[in-house]
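This report describes the fold, the nonpolar core and selected contacts of a protein model. The sequence and structure are shown first.

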Amino acid sequence: MSGDPTRPLEDGLVREFAPAGARGTPRQNLSYGAYLHLDEVLGAQHPVSRPEHHDELLFIVQHQTSELWLKLVLHELRAVCAHLAADDLRPALKGLARVKHIQRQLTEQWSVLATLTPSEYAEFRSFLGTSSGFQSHQYRAVEFALGHKDAAMLAFFDHDASARALLADQLARPSLYDEFLALLARRGHDVPPALRERDVTLAHVFAPELVPVFRRIYENAGEFWEAYEACEELVDLEENVALWRFRHLKTVERVIGTKRGTGGSSGVGFLRAALDLTFFPELYAVRTEIGR
């Protein structure tokens, strides 16, 4: 065995991954699988089709991973809002940059689900009952965090106390845009008082008096660089949401055409209408004014 060229590598792996006590290292004996609870994560896929259809696992994994990414997006957006409330813009910008990378992952995932053909999906679609992505409370919470709030949505989660509580909590918090506008006001920008004192449980609506505030920032970028950069980060964020929605729409259209969604939504029609929703309308309106 002394001549086996793989032996040094094997010995190194044994030393590297031996339990803490075996090497005399005073650290917690925690394995990779235990730390990540892989037995629970990898055991959480339960196809309902009978006989079990091969492609249902793809469908489940796609949506489970999306929910994990949404959990992280919400986690990061809440941290960003806390940084903005503390007038700490630099870590807020770092958090937004991370969210943008997560958004790209979420958008790219649709290309995997798009490999599911209409005939393959038809084999197990009827087993899904009334379950639908429309029922994702984390997606709704992210929308609330970005400012698209609708208290009526809480009623859709009356059957799930924890989901409803999460949404109710997010509804009551200032949105990302609320916190950003408050920061701008504290830094001397002429944000209208009505926007600073508004009911944060309501969705933001276009405020034309806010457009000159952003025009001043954009036309004096050197003086207001951090605010200018933050404006562009928010535009990136909204554009990424639009790209995700469009990719979702095209994937659904590719797989089920114009049929109604499993949860009773209008399917493609509902998704197409969502493309027109906006979070930061004044940041787009200001582009028409700059350079006039």
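What share of the contacts in the protein with a separation of 6 or more is made by residues 24 or more positions apart? Such residues account for 72% of these contacts, where contact means heavy atoms within 4.5 Å. The model is predicted, so that local features need pLDDT of at least 70 and side-chain atom pairs count only at pLDDT 80 or more, whereas totals for chains, interfaces and linings use all residues. Residues are numbered from 1 along each chain as its sequence is written, and side-chain values use heavy atoms, with hydrogens and water left out.

**Overall composition**

The protein contains 14 helices and zero strands; helices (H or I, at least four residues) and strands (E, at least two) are DSSP runs, numbered from the N terminus. Of the 292 residues, 39% are buried, a class defined by under 20% relative accessible area with a 1.4 Å probe, protein chains only. The protein exposes about 16500 Å², and carbon and sulfur atoms supply 58% of that area.

**Nonpolar core**

A nonpolar core is a set of buried Ala, Val, Leu, Ile, Met, Phe, Trp, Tyr and Cys residues joined through side-chain atoms within 4.5 Å. The largest one has 67 residues, and Leu-176 and Phe-214 touch the most other members. Helix H12 (residues 225-256) provides the largest share of this core, 12 residues.

| Residue | Residues touched |
|---|---|
| Leu-176 | Leu-77, Val-80, Cys-81, Leu-84, Leu-96, Ala-145, Leu-146, Leu-234, Leu-237 and Phe-280 |
| Val-286 | Val-211, Phe-214, Arg-215 and Tyr-218 |

Val-286 lies in helix H14 (residues 281-289). Its relative accessibility is 0%, and Val-286 therefore counts as buried. The C-alpha atoms of Val-286 and Leu-210 are separated by 9.0 Å, although these residues are 76 residues apart along the chain.

**Packing of H7 and H8**

The axes of helix H7 (residues 137-146) and helix H8 (residues 161-172) come within 9 Å and cross at roughly 5 degrees. The two helices are therefore roughly parallel to each other, the term for angles under 35 degrees. Axes here are lines fitted to C-alpha atoms over the stretch in contact, and angles run from 0 to 180 degrees between N-to-C directions. H7 contributes His-137, Arg-140, Ala-141, Phe-144 and Ala-145 to the contact, and H8 contributes Ala-163, Leu-166, Leu-167, Gln-170 and Leu-171.

Key:
Angles under 35 degrees count as roughly parallel, over 145 as roughly antiparallel, 65 to 115 as roughly perpendicular and the rest as oblique. Buried means under 20% relative accessible area, exposed over 50%, partly exposed in between (1.4 Å probe, protein chains only). Accessible areas come from the Shrake-Rupley method with a 1.4 Å probe; for residues, only the protein chains shown count as cover. Lists of a residue's contacts leave out its neighbours within four places in sequence.
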